[in-house]
Amino acid sequence: METAKARLTVLLEPPFWVGLFERESGGLYEVCKHTFGAEPRDAEVYALVLGEYCRLVFSPVLETESGPDREINPKRAQRMAHRETRPAGIGTKAQQALQLQREQAKTERRTLSREQRELKAERLFQLRQKKRKEKHRGR
């Protein structure tokens, strides 16, 4: 049986409040960052989750390791639960996913600007060629 986890962390990244949506299912991990602006009330967060969750743009999928198949020692489970409930801010997986999303946007921007630059250079080259031919047309 597959399990799916979703988590929303609201934290302050000065000067804005940010909501960090994380979802994990079937060994795949995705993250999305939503900027609230001022400190959000519970009703605003609830409305966002109910109404806007389907429109959020999540990062590209990252592969995650599956959990252990054997039973965990109760003391270890207690330590892990305590660590999970402690407010730690943005997790490293979330940071990696957001970084991957930024890098992909950066490469898209670079390819688009390179194509535009090449088109402009080709247009200028054609214009220069046309001027040269017009100069030598009468001879």
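At 9% relative accessibility, Glu22 counts as buried, where buried means under 20% relative accessible area, exposed over 50% and partly exposed in between, computed with a 1.4 Å probe and protein chains only. The areas come from the Shrake-Rupley method, and for residues only the protein chains shown count as cover. The model is predicted: local features need pLDDT of at least 70, side-chain atom pairs count only at pLDDT 80 or more, and totals for chains, interfaces and linings use all residues. Residues are numbered from 1 along each chain as its sequence is written, and side-chain values use heavy atoms, with hydrogens and water left out.

**Salt bridges**

Side chains of opposite charge can pair when their charged atoms come close. A salt bridge is taken here as a side-chain nitrogen of Lys or Arg within 4 Å of a carboxyl oxygen of Asp or Glu. The whole structure contains six salt bridges, including those in the table.

| Pair | Closest N to O |
|---|---|
| Arg7 and Glu22 | 3.2 Å |
| Lys93 and Glu24 | 3.5 Å |

Arg7 belongs to strand E1 (residues 4-13) and Glu22 to strand E2 (residues 16-25), so the bridge ties together parts that are 15 residues apart in sequence. Helices (H or I, at least four residues) and strands (E, at least two) are DSSP runs, numbered from the N terminus. Arg7 is partly exposed, at 40% relative accessible area.

Another pair is Lys93 with Glu24. This one links distant parts of the chain, with Lys93 in helix H3 (residues 92-135) and Glu24 in strand E2, 69 residues apart. Lys93 is partly exposed, at 35%.

**Glu30 and its surroundings**

Glu30 lies in strand E3 (residues 28-37) and is buried, with a relative accessible area of 17%. Its side chain makes a polar contact of 2.7 Å with that of Arg23. A polar contact is a pair of N or O atoms within 3.5 Å; within protein, one must be able to donate a hydrogen and the other to accept it, and residues adjacent in sequence count only if both atoms are side-chain atoms. The C-alpha atoms of Glu30 and Leu98 are separated by 9.0 Å, and the two residues are 68 apart along the chain.

**Loops**

The loop between E1 and E2 holds Pro15. The peptide bond from Pro14 to Pro15 is cis, with omega near 5 degrees.

Tyr53 sits in the loop between helix H1 (42-52) and strand E4 (62-63), and is partly exposed at 28%.

**Surface charge**

Arg70, Lys75, Arg76, Arg79, Arg83 and Arg86 gather in a patch of positive charge on the surface. Of these, Arg83 is placed in helix H2 (residues 74-85). Patches are made of residues with over 30% relative accessible area and no salt bridge; like charges are joined within 9 Å, and nonpolar side chains (Val, Leu, Ile, Met, Phe, Trp, Tyr) within 5 Å. Lys and Arg count as positive and Asp and Glu as negative, while His and the chain ends are not counted.

Technical notes:
Accessible areas come from the Shrake-Rupley method with a 1.4 Å probe; for residues, only the protein chains shown count as cover. The place of a charge is taken as NZ of Lys, CZ of Arg, CG of Asp or CD of Glu.
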